[in-house]
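Visitor: I am new to this structure and would like to learn how to read it. Could you take me through some of its features?

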Amino acid sequence: MRQTRNGGYGGVPRWIYVLAAAGGLFVVLPLAAMVAKVNWTQFIPLVTSEASLQALGLSLRTSAASTVLCIVLGVPLALVLARGSFPGQRFLRSLVLLPLVLPPVVGGIALLYTFGRQGLLGRTLEVAGLQIAFSTTAVVLAQTFVALPFLVVSLEGALRTAGNRYEAVAATLGAGPTTVLRRVTLPLVLPGLASGAVLSFARSLGEFGATLTFAGSLQGVTRTLPLEIYLQRETDADAAVALSLVLVAVAVAVVALAYRSPRAAERAPSGNGERTTPARAPGGAAR
Amino acid sequence: MTFSVQAAVAGRGFDVSLALGPAETVAVMGANGAGKSTLLNVIAGLLQPDSGTAELDGRTLFDLTEGRGEWTAPHRRGTALLAQEPLLFPHLSVLENVAFGPRSAGVSKQAARESALKWLGEVEATELQSRRPAELSGGQAQRVAVARALAADPGLLLLDEPMAALDIHAAPLLRRLLKRVLAGRRAIIITHDVLDALMLADRVVIFENGRISEEGPTRDVLQRPRSRFAAGLAGLNFVAGHITEHGLQAGALNLFGHHDAAAPLPTGQPGVAVFPPSAVSVFLTEAHGSPRNSFAVTITDLEPHGDGIRVRAGVGGQLSADITPAASVDLGLAPGMQVYFVIKAGAVAIYPS
């Protein structure tokens with residue numbers, strides 16, 4: 001994004017551009033095909049129907065909640081993985097990243113056997129009067145489960161790039177570990193944290209498989225926008241396409257937000273080789 | 001009210017013991033990898049040694065002697081570290097950077113601000129207070145870093161080559177500044193520059209291979225170096241060997257010199273011979289006549305030195321001779337040639353090592 005474009009040597013063979021164009025088309029073409037199918041005269045009524053608005057509202061609320069949960073759980077995880085040193089660290093990292101490669105439906109089943117009525121924790125929770133499966137809470141948990149790795153990967157990369165030299169100096173100046181975290185570490189990796197949070201939000205917004213398995217599809221309670229789209233596709237293709245377009249618009253906005261040139265890049269101290277560009281997590285396709 | 005450290009890091013062959021008085025500045029010098037930065041990291045609490053103890057003004061920094069495992073966290077040590085790079089926090093203004101130490105100590109925002117302004121004034125950087133670190137030059141940033149370290153009110157200030165990353169115009173300015181602020185303050189400064197040691201330090205400690213090979217008042221160490229490194233700093237030729245009746249025996253080389261002591265030195269004990277390159281003459285044939293030293297050497301290098309030529313030759317280590325360019329041309333000197341180094345015995349100082 002920020003390469004110099006002042007006529008320096010590029011070193012990319014011409015045929016690469018042909019393949020790159022094909023790759024770009026592969027992403028853009030289906031989107032264009034979908035946009036072409038939108039029934040514009042009915043668009044507003046379709047996306048403002050009660051079911052649609054409920055689904056959109058639920059999606060935004062649960063995604064926001066799961067993003068907060070991802071930050072609360074993911075920041076400590078990333079810190080421990082980036083800065084800590086303990087046996088089983090590599091193993092823990094692999095485990096945390098597992099939801100990234102796991103089919104979401106498998107995640108849903110795993111969650112069901114943890115928090116479900118007959119699950120590992122479900123029985124205890126039920127005694128305490130909490131029933132999680134097939135509730136809005138379940139939606140948030142399912143989304144958090146699949147979105148957490150995005151935040152952890154993104155933040156851990158930023159932490160490693162930032163290094164710990166500023167933290168060491170802060171400590172010798174008399175700042176305790178919590179002060180160092182609050183006043184030095186987190187501000188330094190804020191761009192990485194922000195892009196991680198945005199990616200987590202995007203992943204939560206697109207969550208489908210784990211949600212359907214673990215939370216079901218109850219209008220207004222667990223039926224998020226992707227579930228609504230899937231359901232509408234069977235009966236009203238126009239509505240499905242219109243809602244898909246809404247989701248695409250939200251996704252584009254989110255990606256634009258996450259990948260905008262971070263402010264920190266400009267204020268990076270020159271001359272000491274620091275890179276403050278946040279490490280990017282692999283982009284998550286909304287499922 | 002003293003500082004003392006004794007620490008060993010087996011993996012790095014590091015074993016050092018050092019003590020500082022209440023207002024003493026010590027310069028630590030030595031080749032790269034000699035363990036200078038290891039010392040500062042151990043004192044600051046950024047690196048845990050395998051064994052040792054350290055104490056600052058009656059507080060234990062660490063005590064890792066047999067059976068004990070006391071370890072004070074870096075932020076409770078009062079040992080501010082100033083590195084080669086200023087490492088100002090990029091997201092804070094200059095003033096906030098300097099106020100960081102006092103704020104961390106629990107001082108109120110207003111008081112921390114006042115303290116920061118005072119120290120910024122001390123380093124003549126008051127006008128930079130609202131800038132971001134990215135908007136500072138290297139010299140300005142390092143001045144602010146000095147203010148930040150001092151504002152933390154450290155019991156011991158650790159400086160790791162603070163001038164090394166500065167350009168030749170900024171370095172003298174910072175050196176003068178450090179001379180002013182280090183006066184009456186306890187500090188350890190790592191440096192490669194003998195000028196820093198002379199100007200800033202009361203005492204110099206020479207590190208060689210993770211150990212202290214020599215220490216003493218800067219002037220004494222430079223006048224009577226006991227290590228090859230210190231002799232190099234002072235620009236002197238250095239030969240280590242055993243003291244004989246009239247000089248020093250180092251392998252096949254027998255040097256005549258004057259015993260630098262009131263009474264004759266006991267023969268057989270380890271000693272060093274030191275002489276300036278300017279006292280060495282170069283001849284193509286062996287020169288006789290006492291009291292002189294004359295021995296064959298093979299020239300390894302010829303290089304410009306001031307307005308003369310420095311002839312480097314190998315004989316039991318590197319020796320140098322300074323001669324005029326005209327002499328070099330007359331003799332037709334070139335690397336690989338065998339010549340004779342001739343030194344008057346009176347120019348060779350011999351003392352125990």
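Visitor: What percentage of the residues in chain B is buried?

Guide: This is a predicted model, and in it 43% of the 353 residues in chain B are buried. The C-alpha trace of chain B spans about 80 × 50 × 35 Å along its principal axes.

Visitor: How many helices and strands are there in chain B?

Guide: Chain B has 10 helices and 22 strands. As for its contacts with a separation of 6 or more, 64% are between residues 24 or more positions apart.

Visitor: In what order do the five strands of the open sheet in chain B stand?

Guide: The order is E17-E21-E18-E19-E20, with antiparallel pairing. Strand E17 (280-283) and strand E20 (318-323) of chain B are at the edges; each has a single partner strand, so one side of each has no neighbour in the sheet. On average, neighbouring strands of this sheet are turned by 45 degrees against each other, direction ignored.

Visitor: Over how many bridges do strand E18 and strand E19 of chain B pair?

Guide: Strand E18 (residues 292-305) and strand E19 (residues 308-314) of chain B are joined over seven bridges, in the antiparallel sense. Within E19(B), Ala313(B) is the residue opposite Ile299(B).

Visitor: How are two packed helices described?

Guide: By the angle between their axes and the distance between the axes. Take helix H4 (residues 89-101) and helix H7 (residues 136-162) of chain A: they pack at an angle of about 120 degrees, and their axes are 7 Å apart. That angle is why H4(A) counts as oblique to H7(A). The crossing of H4(A) past H7(A) is left-handed.

Visitor: Which residues in H4(A) meet H7(A)?

Guide: From H4(A) they are Val96(A), Leu97(A), Pro99(A) and Leu100(A). Their counterparts in H7(A) are Phe145(A), Val146(A), Leu148(A), Pro149(A), Val152(A) and Val153(A). By class, this contact of H4(A) with H7(A) has 10 nonpolar residues, no polar and no charged.

Visitor: How many residues does the contact take from chain A and from chain B?

Guide: It takes 21 residues from chain A and 22 residues from chain B. On the side of chain A that touches chain B, the elements giving two or more residues are helix H8 (165-172) and helix H9 (177-188) of chain A. H8(A) gives the most to that side, with seven residues.

Visitor: Which classes of residue are on the side of chain A that touches chain B?

Guide: That side has 12 nonpolar, seven polar and two charged residues.

Conventions
Residues are numbered from 1 along each chain as its sequence is written. Chains are lettered from A and ligands numbered from 1 in the order in which they are written. This is a predicted model: local features need pLDDT of at least 70, side-chain atom pairs count only at pLDDT 80 or more; totals for chains, interfaces and linings use all residues. Two strands pair if DSSP finds at least two bridges between them. Helices (H or I, at least four residues) and strands (E, at least two) are DSSP runs, numbered from the N terminus. Axes are lines fitted to C-alpha atoms, for helices over the stretch in contact, and angles run from 0 to 180 degrees between N-to-C directions. Two residues are in contact if their C-beta atoms, placed from the backbone, lie within 7 Å. Ala, Val, Leu, Ile, Met, Phe, Trp, Tyr, Cys and Pro count as nonpolar, Asp, Glu, Lys and Arg as charged, and the others, Gly among them, as polar. Angles under 35 degrees count as roughly parallel, over 145 as roughly antiparallel, 65 to 115 as roughly perpendicular and the rest as oblique. A crossing is left-handed if the near helix is turned anticlockwise from the far one by less than a right angle, and right-handed if clockwise. A residue is buried if 20 or more other C-beta atoms lie within 10 Å of its own, exposed if 12 or fewer, and partly exposed in between; C-beta atoms are placed from the backbone.
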